[in-house]
Amino acid sequence: MTGFDKNSLTRRTLLKAGSALAVATPLIGFAAPAVLAQGQTKSPTKVLDFMTNADVAKAEQEGQLVFYCHENEAGTAGIMQGFSKDFPKIKTSYVRAQTGALYNKILSERSAGRFDVDVIQLSDLAPAVDFQKKGGYEHYVSPESHAYKPDNLSTPVGSFFWTGVDPAGIAYNTDKVSSADAPKTWHDILNPKFKGHISAKISASGLQFVQWYCLREMYGDKFWKEFAKQNAHAFDSRVQLFDRLAKGDDMITSIGEYPAYILFKSKGAKVEFVAPPDGLVATPLIVGAVSKAPHPEASKLFVDWAMSKRGQAWYQTNPNLYYGSVRTDAPPMPTGVKLSDFKLIYPKDWDEYAKTRDVFSKEWNSMIGL
Amino acid sequence: MPSTGSPLSVQKMAGYGVAAVAAVLVLYPVFYLLQAALDVGDPQVRPPTEYGLDNFSGILQYPQILLNTLTVSVAATVMALVFGFVMAWILARTNVPGRKIFEQLMAVPYYLTPLLGALAWSLLGSPESGFINQVWRAIGGSGAIIDVNTPYGIAWVMALFEGSVAFVMIAAVMKSMDPSLEEASQVMGASRLRTMLRVTLPLVTPGILGAAIFVFAEMLGSFAVALVLGTPNRFYVITTAIYQLTQQYPPKIQTAAAMGVSLFAVMFVMLFLYRRVVKAGSYVTITGKAFRPRVADVGALRYFLLGICVLYLLAAVALPILTLLFASFQKIAVAFPTADNFTLNNFRMAMSMNAARSALGNSLLLGFGTATVGIVLMGLLAWLIYRSRLPGAGAIEYVVMFPQAVPRLVFAFGMMWAWVVFPIPIYGTLWLLLIAYVTVFLPLGVRTIASVMMQIDKSLEECAQMCGASWTFRTRTVTVPLLIPGLVAAWLLLFIASVRELGASILLMGPHSKVITPAIVESWFGTSSELTATLALVQTLVVAAAMVVLVAVTRRIGAQPGD
C-alpha cells in the first residue's frame, strides 16, 4: 500500500473541514471563493494538446501572469519559461520566497486590499489549506483534473492541486563514505561517525517538517533526540545541501532530495542516493489560482497548462525542478524511474501534522543550533 | 549680490520641512514595527488583536545568538576601523606611490557586495573544500590552515567588505584637514608616527567615532556574510536568526521585530555617547584661513606603505574576484581544474536570467535616484542637525539614526506594512524601493556629510551673515562649495550602497521591480555557488563600468570649486 492510499481519508476530512470553515470565517480583505460560472458551464476547448476552460484570446489580451512561488530562482524562472514558450503573448513575472515568507507576504497584501498575484505555488499543504479556509483561492475546476487522483486535488476540487511531489532519501559523498559504510536505513543517519559532517534543512522547509513528522511517527521521539547529537548543519535549499556534499564539506545529507540528486549526478558529482526500505519522505507542491486575480483568464490557463501532460512533462524534466508527477498517466522521470516506483511516506494524518508545526519549529531550530 | 528676505522664515521652513519628510520616512514604518514587536496575538492577523511584552522576554531564549552577534560585530568593527584608518591615512596624508589609483580601488570592496566577498572567501577558506586548504593538503599538509567559518573568520570577511565604508568616511575627513597642523607638529620635532597619533588621530576623532557607530550598526545588521559563512558552522547571529524566524511557517515576525527594536536601544545609547564626545571638544579644521591640501613626504617608508595597500587590496579585491572567475568556469568548483569540469554554461545561464538583465538595470536606476534624492535630503538634514539652531534639531538625529539601528531585514517589514496600506499605489513598484533606500540610507548619508560639515568653522557662515547674506545665499555660496568634496563622496557612497542593498529589497521588491543583490542571494540559495559566482561577476562588471562613468562626472563637479 502506498502513502497515498493510507492517508486519503484523514486528509480529505481535513480539507472538507477547511472548506466549511472558509464559508464561516472569511478574513477581512479576502474574497469568498467565487465560482466561475463561465469555467463550470462553458465547454472546454483544446489548446495545443490540453484542455482548458480559459478564454485564450482574453488571456492573451490580459497579457500578463504574476506568479508567487516557493521554488528557487532558477526553478521559478524555469516554470515561467515553460509557460511563456507555449504562450508567448502572455508576459510572465514572479516573486519567489520560502513558503512561510511568501505566505506571510500574500496575507499582508490581501489584508491591505492589494491583489497583485494570479497563481501561487507552495511547498507545504498546511498553509495551502489555511489559504483555502480564508477564501484565498479562486474556485476553478480544470478540465485536466480528471487525470489526478482525488487525494492530489483540494477538497472540494477547484482550489488547488499537487503539481508534483518532492521525494527525499539519504545521499552521501562517495569520496568520503565508502559504499560499505554508506547509510542504508533511516536509522543509519544517527551513526556517530557522521557527527558534525551531516546536513539537513532549516525549519522553513515543508519537506523537513514532513520528514520530522513521519520519522517521529515511525520511530518515536527518541529518533530525533538521537539525531540532535549529530550536530547537523541546516541549509535553505536542496541545492545547497548537494553543493556541499559534492565538494566534500559534508559526508552525508539526512534529507537528500531526488531532484537535486539527478541534477548533481548529471554534473558528474561524486554523490549517491539511498532509498531507505521504509520509504522516501515526500511533500506535495501545491498550485492554485488565487481569488481576485488581476489576470483571471491567464491564471486559469496557467493552472490548466500546469496540470496538463505537457506542463507536467516540463515540471518533471526541467533540471531546476525535476518534480515527480502525480498525474495518473505521467511518463517516467529523466532517470527512467516513475514516481510510483518509489515507496513514499506522507503524514498519516494531515490534520495532526499541521497542528504539530510549532513543536517542530521549536525542536528543529534548537536541534540545528538556533 | 546677497539676496534679501526673511532668513529666519526660510531657515525654519526648510528645517521643519525636511524634518517632517524624515519623520514620515522613518516613523511611519517604525510605528508598524513597534506594533509588531508588541503584538502577542495571532501573527497572521493584522492589525494586532492583543498587545504585550512577551516578544521581548522571548529574546532572552537566544543568549548564544546575542553573544555571537556581539562577538562578531565588535571584532569586525575594530578590524574595519583599523583597516579604514590606516588606509585613509596612507592614501590621504602620505605620498605613497599610485595613491590616486589605490584610492579608487578602495571603493571596490564596498561595491563588490559582502555576498560576493563571503562566497569567494568561502571557496577559498572553507576547512574542507576551500582552495587554500586543498592546495595545503596537496603539498603534504594536513587538516586546514585557514577556516573562515569561525567567528573571527566571519569578522575578517565582514571587515573587508562591509567595513570599507569606514575608509570612505575617515578619508573624507582627512582630506578636509589643514595639513599645516601636521606640519607644525613635525616642525616642532614630532616623528611621523607621533604626529599621526597626536595630531591626525585626534582631529579625525569625530569622523572615526561616526564611522565606528555606523560600522558597528552595519555589522549588527550584516546578513550575507553571516549567512554564507556562519550557517555551515551552526553559528547564528541576530540577522540570520531573524531570517530563519521570518522564513518559517508560521513566521515569528513579532519576535524578529522585538529583536530589531531591542537593537535600537543599544544604538540609542551609542548615539548618546557619540554626541557627548563630539560636544566636549572642538574638531574644526576648515577655517577662514586658506590652505592647499598637501601630503606628507614619508621617504622610503612609502614603499612599506605601498606593500600594505597591495596586501589589503589583494585580500579584498584581487583574490576574491579571481576566485569567483575561476569558479565560474567550472561545473563544480575545485582548486585543481580538469577538462571535463570546464563549462561556459554558468555564463549562458547568467545572461538568460532576469537577474542579469532587468534586475541589474533597475538597481542602477535606483542607485542613481537614491543618491540624487538622498544627497539633497541628507545634506539638509545634516545642516539641520549640526548647524541650525532650530529647536528639536537634536531629536531629529535620533530619528534619522533609527534605520541604521534596526537590521534592514526587520525594518523592511515595517516598511512593507506601512506602504502596503498607503493610499497611493506604490507597493510593489520601484518607487517603494526608492523610498525604502532613501530611508534606510539616511544614517549613512547624514553621517558622511555631517563628518565634513562639522569641520567647517561656523565663523565662515557667520562672516557672510555679518556681510548681509541671507541664509539661502550663504548656503549656496559658502557652505555648499565647502561641502562639495564631501557631497560627492556621499553621492557615490549612496549609489554603491543602493546597488548592493539586500535586506530591505529582498522583501519589498515586486514582480516588476526586481533588483540584483537579492537575485544573487536567491541564486546562492537555489542554484549553485558557481552560477552565483558568475552572477556576482556580471554585477561587478556592470557596476564597475557605471562607477567609472560616475567617478569621471563627479570628479569634474568636485574639481569646480578649486578651478
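Modeller: Helices (H or I, at least four residues) and strands (E, at least two) are taken here as DSSP runs, numbered from the N terminus. The model under discussion is predicted.

Biologist: In which loop of chain A does A:Leu48 lie?

Modeller: A:Leu48 is not a glycine, yet its phi is positive, near 50 degrees. With 12 other C-beta atoms within 10 Å, A:Leu48 is exposed, the limit for that class being 12 or fewer. Its place is the loop between strand E1 (45–47) and strand E2 (50–52) of chain A.

Biologist: Is A:Lys292 buried, exposed or partly exposed?

Modeller: A:Lys292 is in the loop between strand E11 (280–289) and helix H11 (296–307) of chain A. Although A:Lys292 is not a glycine, its phi is positive, at about 55 degrees. Burial requires 20 or more other C-beta atoms within 10 Å. A:Lys292 has 19 such neighbours, so it counts as partly exposed.

Biologist: What is the omega of the peptide bond from A:Thr155 to A:Pro156?

Modeller: Most residues other than glycine have a negative phi, and most peptide bonds are trans. A:Pro156 is placed in the loop between helix H6 (125–133) and strand E6 (161–173) of chain A. The bond that joins A:Thr155 to A:Pro156 is cis, with omega near -5 degrees.

Biologist: How many helices and strands does chain A have?

Modeller: Of the 370 residues in chain A, 58% are buried. Among the contacts in chain A with a separation of 6 or more, 80% join residues 24 or more positions apart. Chain A has 14 helices and 12 strands.

Biologist: Which residues does A:Leu241 touch, not counting those up to four places away in sequence?

Modeller: A:Leu241 belongs to helix H9 (residues 238–247) of chain A, and its 27 C-beta neighbours inside 10 Å make it count as buried. Between the C-alpha atoms of A:Leu241 and A:Ile255 the distance is 8.5 Å, at a sequence separation of 14 residues. With residues up to four places away set aside, the contacts of A:Leu241 are A:Ser199, A:Phe235, A:Thr253 and A:Ala260.

Biologist: Which helix gives the largest share of the side of chain B that touches chain A?

Modeller: The contact between the chains involves 40 residues of chain B and 50 residues of chain A. On the side of chain B, two or more residues come from each of helix H14 (238–247), helix H20 (408–420) and helix H26 (516–526). By class, that side has 17 nonpolar, 17 polar and six charged residues. Its largest share, five residues, is given by H26(B).

Biologist: Which residues of helix H8 of chain B are buried?

Modeller: Helix H8 of chain B runs over residues 151–161, and nine of its 11 residues are buried, so it is largely enclosed by the rest of the structure. One of these is B:Val157, whose contacts beyond four places in sequence are B:Gly117, B:Ala118, B:Trp121, B:Val148, B:Val225 and B:Leu229. The buried residues of H8(B) are B:Gly153, B:Ile154, B:Ala155, B:Trp156, B:Val157, B:Met158, B:Ala159, B:Leu160 and B:Phe161.

Biologist: Which residues touch the most other members of the largest nonpolar core?

Modeller: In soluble globular proteins, nonpolar side chains tend to be buried together. The largest nonpolar core here has 301 residues. Those that touch the most other members are A:Phe242, B:Leu119, B:Val157, B:Ile170, B:Leu381 and B:Ala412.

Biologist: How are H18(B) and H21(B) oriented to each other?

Modeller: The axes of helix H18 (residues 358–386) and helix H21 (residues 430–440) of chain B come within 9 Å and cross at roughly 45 degrees. Their contact includes B:Leu366 and B:Val373 of H18(B), and B:Leu433 and B:Tyr437 of H21(B). By class, this contact has eight nonpolar, four polar and no charged residues. Because angles under 35 degrees count as roughly parallel and 65 to 115 as roughly perpendicular, H18(B) and H21(B) are oblique.

Biologist: What is the hand of the crossing of H20(B) and H21(B)?

Modeller: The axes of H20(B) and H21(B) come within 11 Å and cross at roughly 135 degrees, and the two helices are therefore oblique to each other. B:Arg408, B:Phe411, B:Ala412, B:Met415 and B:Trp419 in H20(B) meet B:Leu432, B:Ala436, B:Thr439 and B:Val440 in H21(B). These residues divide into seven nonpolar, one polar and one charged. The crossing of H20(B) and H21(B) is right-handed.

Note on methods
Residues are numbered from 1 along each chain as its sequence is written. Chains are lettered from A and ligands numbered from 1 in the order in which they are written. This is a predicted model: local features need pLDDT of at least 70, side-chain atom pairs count only at pLDDT 80 or more; totals for chains, interfaces and linings use all residues. Axes are lines fitted to C-alpha atoms, for helices over the stretch in contact, and angles run from 0 to 180 degrees between N-to-C directions. Angles under 35 degrees count as roughly parallel, over 145 as roughly antiparallel, 65 to 115 as roughly perpendicular and the rest as oblique. Two residues are in contact if their C-beta atoms, placed from the backbone, lie within 7 Å. Ala, Val, Leu, Ile, Met, Phe, Trp, Tyr, Cys and Pro count as nonpolar, Asp, Glu, Lys and Arg as charged, and the others, Gly among them, as polar. A nonpolar core is a set of buried Ala, Val, Leu, Ile, Met, Phe, Trp, Tyr and Cys residues joined through C-beta atoms within 7 Å. A crossing is left-handed if the near helix is turned anticlockwise from the far one by less than a right angle, and right-handed if clockwise.
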